[in-house]
Amino acid sequence: MTPTKVSERRDTFKRRIQPLLTQIYGEETARSLVDRLYDLVREDIAEFVDEDLGKWSQKNILLITYGDSLKRQGEKPLVTLERFLTEYLSDTITGVHILPFFPYSSDDGFAVIDYLKVNPELGDWNDIKTIAEHFNLMVDLVINHVSSQSRWFEEFKRGEKPGRDYFITVDPDTDLSNVVRPRSSPLLVPVETTEGEKYVWATFSEDQIDVNFANPDVLIEFVKILLFYVRIGAKYVRLDAIGYLWKSIETSCIHLPQTHAVIKVLREILQFVDPEVALITETNVPNRENLSYFGNRNEAHTIYNFSLPPLLLNALLQGKSDHLKTWMMSMPPAPLGCAYLNFTASHDGIGLRPTEGLLTEDEYEALIATMKRFGGEISMRRRPDGTESPYEINISLFDALKGTVKGEDHWQIQRFLCAQTIMMSVEGIPAFYIHSLLATPNDKENVKRTGRKRSINRHQWDYDELLDRLEHPDTPQSIVLQELRRLLAIRRRQSAFHPNATQYTLHLKRALFGFWRQSIHRDQSIFSIHNLSDRVQKLHLSEINLVCTDPWCDLISGRIISDIYDTLTLEPYQSVWLTNKFDEEDAIGDANG
């Protein structure tokens with residue numbers, strides 16, 4: 001690169017990032033800080049730093065898993081995971097989110113001791129890189145807090161730099177009643193230091209100590225970590241618990257302007273280093289707050305669609321689409337260059353805060369009661385007034401759908417597949433938790449062993465036992481994985497399922513949930529329609545305006561629609577993808593014949 005080009009890049013970097021740093025730290029600090037950041041990235045600046053609007057297509061499918069969700073005697077779990085990905089999912093998914101695989105002290109990885117090492121019980125960096133060579137790797141940047149056993153916090157307790165200045169101390173008599181809490185544990189944790197007892201800020205637990213981003217050195221540390229992850233091959237970086245990043249006494253300490261500015265800085269840095277990398281924010285909060293993390297197309301590339309899991313679960317338990325439809329009608333399309341990340345289950349529970357203002361009180365109570373009846377647990381959070389309220393449901397999604405509000409029934413697999421089909425149909429990038437692909441039931445023994453409610457949905461499969469189940473065609477694991485692989489193979493060929501393709505909600509009877517997807521080039525339409533009930537439903541095709549000049553086919557069954565004014569019969573929990581663009585050899589005849 002010529003000296004002139006280098007100078008231009010430096011000037012562009014400063015022009016785009018220094019104003020953001022000024023918003024966070026003030027003008028004087030920003031001037032020196034931008035130079036420090038440039039020195040970190042200058043060797044990695046990409047040849048082309050324009051935004052990559054082709055980061056994703058309808059082919060992008062993600063898997064979410066712990067590094068040790070699959071275990072085989074005598075083999076490192078990351079090796080076992082790579083084996084499963086290669087043998088079962090190489091033609092199904094394009095990316096894998098390996099939940100924190102670093103040395104940790106609690107919370108199944110989210111209390112990180114060392115960000116730059118792989119937990120030796122899982123494997124090593126070569127194992128991570130092997131997976132990253134074949135699948136787009138998502139890495140967690142656990143950015144809000146570190147383990148109480150981390151080097152930084154040990155330095156804090158000894159009064160040594162740099163960790164001495166990396167944490168937030170508060171007088172325990174300070175009024176913190178305005179702070180929004182995701183947990184019911186104490187916000188301030190007493191710690192013995194060489195300078196006496198101090199109270200440190202701990203949003204999530206006494207072992208997860210919040211770092212102080214008001215110190216610009218902390219930003220530098222996390223940019224170094226971010227760059228390291230990009231260099232080892234990460235294509236997605238998930239900002240864990242990002243909403244709580246910035247603290248300011250007498251505020252809610254969530255979604256503060258400085259937090260949004262930090263995300264913008266990280267996005268700009270990624271833009272310079274590798275425009276193909278996507279930044280994902282994890283904000284399990286009410287929908288309007290969650291949407292704010294798109295910014296003005298200058299914050300997260302992708303946000304989790306947190307309202308979808310509880311609303312979809314409620315719709316299938318109630319057998320009606322009312323709230324799901326109302327929510328979808330209010331959802332704006334993701335801005336150009338951004339996308340929703342859709343999921344139905346994750347390593348955490350099913351968040352209840354995203355339902356605020358969306359479910360009626362009666363349905364909210366029925367949802368919680370039904371989940372308890374199906375073996376689930378409820379985690380609580382502390383409100384500013386000191387009372388507690390439900391924060392999330394802890395349950396395996398497969399068992400969450402073993403029945404309805406009326407009780408258990410024999411439609412569990414069909415209902416579960418309906419939920420997954422809806423998720424992979426709506427606007428965005430679908431992400432499957434490994435235990436959804438594998439129809440894993442509640443692991444109550446895991447809860448007893450760990451004492452943590454979230455362990456119910458963090459089962460560790462014995463790999464040989466899993467293979468045995470997958471080889472028997474009548475097991476739930478075999479049925480679900482085989483059908484989801486089939487549906488995803490179909491989905492990946494449809495341009496109307498591009499994450500940014502048009503979406504409109506259909507107005508159908510309450511037991512049906514439907515929406516229209518149209519490809520960006522407007523050459524394909526898909527009417528995605530789903531029976532949410534345990535009864536047969538009739539759909540008059542005249543309600544969805546199939547264009548008379550086009551042939552139509554249900555991609556899922558392969559059946560041709562010969563009369564666009566006919567009536568379509570949907571069995572309990574059946575899904576259809578009606579499209580005007582399909583391969584003739586995939587069609588098998590009249591859907592109503």
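Visitor: How many Å does helix H2 reach from its first C-alpha to its last?
Guide: This is a predicted model. Helix H2 covers residues 27-41, 15 residues in total. At 1.5 Å a residue, the expected span is 21 Å. The model comes close to that, with a reach of 21 Å.

Visitor: Which residues of H2 are buried?
Guide: Buried means under 20% relative accessible area. In H2, that holds for Ala30, Leu33, Val34, Leu37, Tyr38 and Val41.

Visitor: Are H2 and H6 roughly parallel or roughly antiparallel?
Guide: H6 spans residues 216-231. Its axis lies 11 Å from that of H2, at an angle of about 20°. Angles under 35 degrees count as roughly parallel. The two helices are therefore roughly parallel.

Visitor: What is the hand of the crossing of H2 and H6, and how do the residues of the contact divide?
Guide: The crossing is right-handed. On the H2 side, the contact includes Leu33, Leu37 and Val41. On the H6 side, Leu219, Ile220 and Val223 are among the residues involved. The contact residues divide into nine nonpolar, one polar and four charged.

Visitor: Which peptide bond is cis?
Guide: Pro162 sits in the loop between helix H5 (151-158) and strand E6 (188-193). Omega is near 0° for the cis bond from Lys161 to Pro162.

Visitor: Is Cys253 buried or exposed?
Guide: Cys253 is in the loop between strand E9 (234-240) and helix H7 (257-273). Its phi is positive, about 60°, although Cys253 is not a glycine. Relative accessibility is 2%, so Cys253 counts as buried.

Visitor: What is phi of Tyr573?
Guide: Tyr573 lies between strands E26 (567-570) and E27 (575-579), in the loop. Tyr573 is buried, at 4% relative accessible area. Its phi is positive in a residue other than glycine, near 65°.

Terms used. Residues are numbered from 1 along each chain as its sequence is written. This is a predicted model: local features need pLDDT of at least 70, side-chain atom pairs count only at pLDDT 80 or more; totals for chains, interfaces and linings use all residues. Side-chain values use heavy atoms; hydrogens and water are left out. Helices (H or I, at least four residues) and strands (E, at least two) are DSSP runs, numbered from the N terminus. The expected span of a helix is 1.5 Å times one less than its number of residues. Buried means under 20% relative accessible area, exposed over 50%, partly exposed in between (1.4 Å probe, protein chains only). Axes are lines fitted to C-alpha atoms, for helices over the stretch in contact, and angles run from 0 to 180 degrees between N-to-C directions. Angles under 35 degrees count as roughly parallel, over 145 as roughly antiparallel, 65 to 115 as roughly perpendicular and the rest as oblique. A crossing is left-handed if the near helix is turned anticlockwise from the far one by less than a right angle, and right-handed if clockwise. Contact means heavy atoms within 4.5 Å. Ala, Val, Leu, Ile, Met, Phe, Trp, Tyr, Cys and Pro count as nonpolar, Asp, Glu, Lys and Arg as charged, and the others, Gly among them, as polar.
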